[in-house]
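Dear colleague,

Please find below the structure that I am handing over to you. My findings follow it.

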Amino acid sequence: MNIKKFFGHLNTVNKHRFLVFKLSIKAGIPIRGFLHDLSKYSPVEFFEGVKYYDGSVSPIKICKCENGYSKAWLHHKGRNKHHFEYWYDFNSPVKTPIIPYKYLVELICDNIAASLTYHKNDWNPNLQLNYFKNRKDLEYINEDIKKLLIEVYTEISKKGINEVINKQNLKKLYKKYVEKNR
Ligand SMILES: [Zn+2]
């Protein structure tokens, strides 16, 4: 085991969780923020992260490139409701159900934290929207959730993170797009 990689990966996970926690407080979901990504400390996720640690690219991405799949990711997405992939079930009548409010807000905080980390010096407010629009699974994402996220990320590109990520605004948008037909 490479000790540098071990602490490098541990540091990445801790830093990411702290950034998500800070955003989650702004967004009004501190408990979700505190519990965010805890499964990354489980052996199956953690040691794959150490093995493929690189410092600038996600170890899951590197592992997928080398092996065709990542056990850490399969473990992670099965346990973390803030991922679209947790909810996908292509054998069900509803293939991509609505994501409950608190997990959707956690997903937004997670995505912002990730792009802030990977674009330390060249982050710009349009990144979030571009990232989202380039998702490979865009066609599968629940239509109402998709509309909501496009509005959130468009708002960020116009007003910045602080104006958009707050409880009042996010609740309003969830009501507008998700709770409207219930
Ligand atoms: Zn996660």
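Cysteine 109, neighbours within four places in sequence left aside, is in contact with Val20, Leu23, Ser24, Ala27 and Gly33 (contact means C-beta atoms, placed from the backbone, within 7 Å). The model is predicted, so local features need pLDDT of at least 70 and side-chain atom pairs count only at pLDDT 80 or more, while totals for chains, interfaces and linings use all residues. Residues are numbered from 1 along each chain as its sequence is written.

Helix H1 (residues 3-27) and helix H7 (residues 101-118) have axes that come within 9 Å and cross at roughly 130 degrees. H1 is therefore oblique to H7. Helices are DSSP runs of H or I with at least four residues, numbered from the N terminus; axes are lines fitted to C-alpha atoms over the stretch in contact, and angles run from 0 to 180 degrees between N-to-C directions. Oblique covers what is left once angles under 35 degrees (roughly parallel), over 145 (roughly antiparallel) and 65 to 115 (roughly perpendicular) are set aside. Among the residues making this contact are Leu19 and Leu23 of H1 and Cys109 and Ile112 of H7.

The largest nonpolar core has 26 residues, and those with the most contacts inside it include Leu23, Ala27 and Cys109. Such a core is a set of buried Ala, Val, Leu, Ile, Met, Phe, Trp, Tyr and Cys residues joined through C-beta atoms within 7 Å, where buried means 20 or more other C-beta atoms within 10 Å of a residue's own. H7 gives the most to this core, with seven residues.

H9 and H11 pack at about 145 degrees, their axes 9 Å apart.

With kind regards

Note on methods: Helix = DSSP H or I, 4+ residues; strand = E, 2+ residues; numbered from the N terminus. Contact = placed C-beta atoms within 7 Å. Buried ≥ 20, exposed ≤ 12 C-beta atoms within 10 Å, placed from the backbone.
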